[in-house]
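Grab a viewer and let's work through a few exercises together. Try each task yourself before reading the solution.

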Amino acid sequence: MALQAAALVPAAFSVPKEGKSSASFKDSSLFGVSLSDLVKADFSSSALRCKREFNQRTGAVRAQTTATATPAISRSAMDGKKTLRKGSVIITGASSGLGLATAKALAETGKWHVIMACRDFLKAERAAKSAGMSKENYTIMHLDLASLDSVRQFVDSYKRSGRPLDVLVCNAAVYQPTAKEPSFTAEGFELSVGTNHLGHFLLSRLLLDDLTQSDYPLKRLIIVGSITGNTNTLAGNVPPKANLGDLRGLAGGLNGLNSATMIDGGDFDGAKAYKDSKVCNMLTMQEFHRRFHEETGITFASLYPGCIATTGLFREHIPLFRLLFPPFQKYITKGFVSEEEAGKRLAQVVSDPSLTKSGVYWSWNKDSASFENQLSPEASDQEKARKIWEQSEKLVGLA
Ligand code: NDP
Ligand code: PMR
């Protein structure tokens, strides 16, 4: 296994909490909503300003091993039989939850080499070991999506490794449902949208050429979405609902100084910021499809893997929520899915030869059969997708 980089200092920082919080709706309600709220219109938390300071990234990139690109199909000198090389798949946030389960599922097939792109190198190494992944099937590389410098460094290291890239899975995410005040990425973007959307946007754009050049029988770019960003579902109508508005906050840089921290220009709400980021993920996938599918042959896809109520995503939620959320999803909504099952679903989107259709948002039914799902009007709004693309290009320094 090539240990390619190990800059372990996270580039994001939290804003010190100021002032006393009065007992708010979010504090006192278990699932963040009462039944009457379900039928209410949009809901947002009170305005909270913040002071910020940027931290310094001090991570260093370790020397890396190099590899030589191998053609996807080679002919064995001994018997003249054609053999397919292992596919190379990068999975962001593969140190836990869905990303780890997907890495494990793909590694176990023996047909994939998984590049686990993680912000915490040691955590990823321990996770891979405890998942029973064999060393020849994975490589861990450092990537902190909350720092655009880190994204660029990761891409440089990957390109220098000479390894081909066949599939990129944008899976990592942060969710801050109880945060009273915003946190920011190294460049000063609100953390959830900065990490989940902008970090992945830059990563995908910089790796698009590598995907295009892949000679593997399938090449894919997958961006994990979610039901909670889709207001055409019950889950998507739990307040606060995703709503990107006219994108004025995004246009202003989401920095809380000369612009709002929320895409729609509203007051900070961590749960809404996450859902907004998921809408951006789903819109970005479709914009990639429109711009590049025909020209490159890459399959662009998004998905809702099911409610994986046991993952680290809910680490910042109150303990009672973490205790009751899994049984609530298992027995009441019946939307629960285990990490293992969700990993198999995402692994299917990575490698199943039948899921080649591009521009699709995949979901699974009760029998775990995949189907093309409908996105909400906002999550399929072409004009918004184009504007987000253009604004995001400016924010990450591509335009
Ligand atoms: P986890 O918290 O278990 O996994 C998230 C991963 O993202 C972790 O590996 C985490 O790293 C990583 N990550 C967070 N911030 C960064 C960063 N700045 N740079 C690099 N990596 C980072 O949650 P899930 O497995 O549940 O989430 C995975 C995906 O699934 C997300 O996109 C989420 O939106 C989506 N999803 C989840 C659902 C669910 O019910 N859980 C439902 C629908 C979609 P670390 O281990 O270091 O914290
Ligand atoms: Mg939700 C079919 C109903 C359904 C499904 C599939 C989900 C998935 N949820 C459903 C319904 C409800 N949820 C209802 C009726 C309520 C009010 C009691 C409810 C509440 C709720 C909360 C407070 N649900 C949540 C939260 C969270 O904090 C989670 C969240 O929004 O994270 C962004 C969440 C989720 N519900 C889901 C899924 C998949 C999540 C989390 C993950 C995500 O979108 O990534």
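**Exercise 1.** Which polar backbone atom's residue is 2.6 Å from an oxygen atom of ligand 1?

*Solution.* Keep in mind that this is a predicted model. Start at the ligand's oxygen atoms: one is 2.6 Å from a polar backbone atom, and that atom belongs to Asn 171. Next, look at Leu 98, where a backbone N or O atom lies 2.8 Å from an oxygen atom of ligand 1. Then try a nitrogen atom of the ligand: a backbone N or O atom of Leu 145 sits 2.9 Å from it. Now for cover: on its own ligand 1 exposes 880 Å², and the protein buries 98% of that.

**Exercise 2.** Describe the shell around ligand 1.

*Solution.* Count first: 32 residues surround the ligand, with Ser 95, Lys 123, Asn 171, Tyr 274 and Thr 311 the closest. Sort them by type, and you get 15 nonpolar, 11 polar and 6 charged. Finally, ask which elements give two or more residues: those are H3 and helix H8 (270-296).

**Exercise 3.** Work out which strands stand at the edges of the open sheet of 8 strands.

*Solution.* Write down the order, E5-E4-E3-E6-E7-E8-E9-E10, with mixed pairing. Strands E5 (138-142) and E10 (370-372) each have a single partner strand, so one side of each lacks a neighbour in the sheet. From one strand to the next, the twist averages 25°. Zoom in on E3 (residues 87-92) and E4 (residues 112-118): they run parallel, joined by 6 bridges. There, Val 89 stands opposite Val 114 in E4.

Notes
Residues numbered from 1 in each chain as written. Chains lettered and ligands numbered in written order. Predicted model: local features only at pLDDT ≥ 70, side-chain atom pairs only at ≥ 80, totals over all residues. Heavy atoms only, no water. Pairing = 2+ DSSP bridges. Helix = DSSP H or I, 4+ residues; strand = E, 2+ residues; numbered from the N terminus. Axes fitted to C-alpha atoms, helices over the stretch in contact; angles between N-to-C directions. Near = heavy atom within 4 Å. Polar contact = N/O pair within 3.5 Å; in protein donor to acceptor, adjacent residues only side chain to side chain. Areas by Shrake-Rupley, 256 points an atom, 1.4 Å probe, with all protein chains shown as cover. Nonpolar A, V, L, I, M, F, W, Y, C, P; charged D, E, K, R; others polar.
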